[in-house]
Amino acid sequence: MKRFVEQSSQQHLEHVLSGSRANFTNAIIGHVLDDIEGGLENNMVKKCQMRDTCKSNFTGFLQKNASLIKQDEVHEDIILKNQSDLNGMRSSAPSKQCEKCFSNVQTLLGKQVDLMRSLQIYNTDTEKKQDISLLPDELVVNDILEPISNKQRLQIMKAIAIETKTFSTLTELTGLRGGNLLFHLQKLLDSGMILQRHERGDYMITDKGFKVLRSIGDMYSVLSS
């Protein structure tokens, strides 16, 4: 009888906790969906023939990502796939004014991912405990640390993480001109941190560059606290 009561109590507790979590998750998702609607409506380019079509596509994309909040655990591959899909749409955008809309979608996506982190259902592989003795010294230095170990190159990374930038815009931002700016851009291009959409085209951040920049931000937050 005692074991029966204990098991019944445990099952009741698990049922209550499961129901509370479901209600809590539904409330959060409801807020996220409102955030998607409000964010797109208020921040997308107003005068654009493609506005309704793009808004519908962006809404579907963000709602699909938001549905991951219902899961007990979100794997990094899923988030990276969604980010890659967004980068693909962004790289094929028909005009420069599209950058405002894509920047807004990127912000909304980032907020969702940060929410998943706060709910402790999503952690990247880099956030999991690793054996630092296994880090490949030369690869880390040459492909990660050296390319961003410069003030102007970090400025470039931060700028194009928000929206694509032209060569002339980056000249104004960094104060570098001609060959000097090309030298630093080539460093980032060679390391796979950024890419150029086409010859003489705008510069944009890559998946690798975005992850490195976010890791730097996380590291700075930890150290400054």
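How many nonpolar, polar and charged residues does the lining of the second largest pocket have, by class? It has 12 nonpolar, five polar and one charged. Here Ala, Val, Leu, Ile, Met, Phe, Trp, Tyr, Cys and Pro count as nonpolar, Asp, Glu, Lys and Arg as charged, and the others, Gly among them, as polar.

Some ground rules before I go on. This is a predicted model, where local features need pLDDT of at least 70 and side-chain atom pairs count only at pLDDT 80 or more, while totals for chains, interfaces and linings use all residues. Residues are numbered from 1 along each chain as its sequence is written, and side-chain values use heavy atoms, with hydrogens and water left out.

Back to the pocket. A pocket is an open set of points on a 1 Å grid over the protein atoms alone, with protein on both sides within 12 Å along at least five of seven lines; lining residues have an atom within 4 Å of a point. Of its 18 lining residues, Met50, Cys54, Pro94, Cys98 and Phe102 lie nearest the centre. Two or more lining residues come from each of α2 (51-66) and α4 (98-118), and α2 gives the most, with five. Helices are DSSP runs (H or I, at least four residues), numbered from the N terminus.

In one of them, Glu37 meets Lys55 at 3.1 Å, N to O. This pair links distant parts of the chain, with Glu37 in helix α1 (residues 2-43) and Lys55 in α2, 18 residues apart. Lys55 is buried at 14% relative accessible area, whereas Glu37 is partly exposed at 40%. Buried means under 20%, exposed over 50%, and partly exposed in between, with a 1.4 Å probe and protein chains only. Glu37 and Lys55 also belong to a network of salt bridges with Glu41 and Arg51.

Lys81 and Asp85 both lie in α3 (residues 76-91), four residues apart, about one turn of the helix. Their closest N and O atoms are 2.8 Å apart. Lys81 is partly exposed at 47%, and Asp85 is partly exposed at 29%.

Last, Arg153 and Glu146 form a salt bridge at 3.8 Å between the closest N and O atoms. Arg153 is buried at 4%, while Glu146 is partly exposed at 30%.

How values were computed. On a 1 Å grid over the protein atoms alone, a cavity is a set of points where a 1.4 Å probe fits but cannot get out, and a pocket is an open set with protein on both sides within 12 Å along at least five of seven lines; lining residues have an atom within 4 Å of a point. A salt bridge is a side-chain nitrogen of Lys or Arg within 4 Å of a carboxyl oxygen of Asp or Glu.
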